[in-house]
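Colleague: I would like to learn how to read a few features of a protein model. Can we begin with pockets, then go on to the backbone and the charged pairs?

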Amino acid sequence: MRFQESEAIELKRTLTKDFAKEVVAFLNSRNGIIYIGVDDNDNVVGVSKVDRIMREIRDIIRDQILPSTEGLCEIGSLLEDDKTIITVKVTKGSKLYYIKKEGRSENGCFFRDGTSTTPMSESEIDKRQIASLHEEKFGLTDIQRNGDDCTSDILKTKLRSKGVEINEKTFERSFRLLTKEGKYNLLAELLADKNFYSVQVCVFNGKDKLSYSKRNNFGQQSILQAYEDVRHYCEALNDTYIDDSSLPRRTKKMFDNEAFEEAWVNALVHNDWIHGNPPSIYWYEDRMETMSYGGLKEGLSKDDFFEGVSDPVNKELMDVFVQCDIVDRSVHGVPKVVKAYGKEAFRFLGVGIMVTIPFDKKMDLTQRRTSQKTSQKTSRKTKRK
């Protein structure tokens, strides 16, 4: 058997003092397995005094981690090269898990970030705690919004442009914009002409967030319009340049527009709007990053995700985007991004999924400022129409 560390596999030569952190990270992030008796170079070294070590592991999990992990951790062993390896299989839980003596703090709460165990920030802890209090599965149509006005003219216009008949008397019920009690729900608020969700594109001067340039707010409007505005803005920034690395020379774009569009619409449709922040885009001189909060839907594996298995986080919202002809049901979005930039474009964080689209050529800051002015003019003209 070949052992290799990954986001779902942790290798440990011996039982160490940070073992509880590794377990907590998996409990808060994803299903995983910890092998004890395998070093960092994937060499099987085995474990002596197996029974004693297994008892110590049980004690650590029982006494040092809260809340109870009953049914989530399975301790076993296997024989490899005539050496015994201890296995600890951890199933992701539905609550916020932490080191007992440290409490719900950055020193006590951890998540799995690639092959690393990373402390949660205070905001990440709060989000996970809130999510854990909602064990009953609520959707966008179940959550009542505040207020009585959810005008949906933008939605109606887009639907009519695609040939969808609108019956004003039954419109809100037909498109599931009301709760069972007849009040406007979260889906209605997201699609309303005006709302309080801030969808932003943040631009930085270099390759990190140290030198901030500007923040563009495309929110506080229907996310259908926010989708279009952000798409046009980023496409306007997608400069054409001459690639003279080989002959004959040819014109190229900074990035694959289709891959970006798929990443952006997925960020909106699959975002955890109930517990998380609105998705956002971070723009650097060498890449853009699209951040969507919430992560994979429970029960969906990464293999399923990369193969394009259809299991929308927000089914009702997906249905609206389909009817508006923004997406289709062929679920080719993720495979299209993978084809253009590989699986490494996706980074699964403790609070969500980040998609990184590298630029084919480093963007000149002067070009960027010019492109921004052009995109803003284009956006204004589009809105006037």
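Predicted model: local features only at pLDDT ≥ 70, side-chain atom pairs only at ≥ 80, totals over all residues.

Colleague: Which residues are closest to the centre of the second largest pocket?

Modeller: Glu262, Asn266, His270, Gly333 and Val334 are the closest, out of 36 residues that line this pocket. Two or more lining residues come from each of α7 (223-236), α8 (257-269), β14 (287-293), α11 (333-341) and β16 (352-358).

Colleague: Which element gives the largest share of that lining?

Modeller: Helix α8 does, with six residues.

Colleague: How do the lining residues of the second largest pocket divide into nonpolar, polar and charged?

Modeller: The lining has 20 nonpolar residues, nine polar ones and seven charged ones.

Colleague: Now the backbone. What should I look for?

Modeller: Look for exceptions. Most residues other than glycine have a negative phi, and most peptide bonds are trans. In this model, the bond from leucine 66 to proline 67 is cis, with omega near -10 degrees.

Colleague: Where does proline 67 lie?

Modeller: Proline 67 is in the loop between β3 (65-66) and β4 (73-80).

Colleague: Which residue other than glycine has a positive phi near 70 degrees?

Modeller: Aspartate 42 has that value. Aspartate 42 sits in the loop between β2 (32-36) and α2 (50-64). A second case is arginine 176, with a positive phi near 55 degrees. Arginine 176 belongs to the loop between α5 (171-174) and α6 (186-191).

Colleague: On to charged pairs. What is the general idea?

Modeller: Side chains of opposite charge can pair when their charged atoms come close. The cut-off for a salt bridge is 4 Å between the nitrogen and the oxygen. By that rule the count for this model is 23 salt bridges.

Colleague: Which side chain meets lysine 12 in a salt bridge?

Modeller: The side chain of aspartate 18 does, at 3.1 Å from N to O. Lysine 12 is buried, with 7% relative accessibility, whereas aspartate 18 is partly exposed at 28%.

Colleague: What about a pair that links distant parts of the chain?

Modeller: Take glutamate 168 and lysine 156, whose side chains form a salt bridge at 2.8 Å, N to O. Glutamate 168 is in the loop between α4 (153-161) and α5, while lysine 156 is in helix α4, and the two are 12 residues apart. Glutamate 168 is partly exposed at 47%, but lysine 156 is buried at 13%.

Colleague: Which residue forms a salt bridge with aspartate 286?

Modeller: Arginine 287 does, and the closest N and O atoms are 3.0 Å apart. Why is arginine 287 buried? Buried means under 20%, and arginine 287 counts as buried because its relative accessibility is 17%. Aspartate 286, at 23%, is partly exposed.

Colleague: Which residues do salt bridges with shared partners join into one network?

Modeller: Glu10, Lys12, Asp18, Glu22 and Arg112 are joined in this way.

Definitions and conventions
Residues numbered from 1 in each chain as written. Heavy atoms only, no water. Helix = DSSP H or I, 4+ residues; strand = E, 2+ residues; numbered from the N terminus. Buried < 20%, exposed > 50% of the residue type's maximum accessible area, 1.4 Å probe, protein only. 1 Å grid on protein atoms, 1.4 Å probe; cavity = no way out; pocket = protein on both sides within 12 Å on 5 of 7 lines; lining within 4 Å. Nonpolar A, V, L, I, M, F, W, Y, C, P; charged D, E, K, R; others polar.
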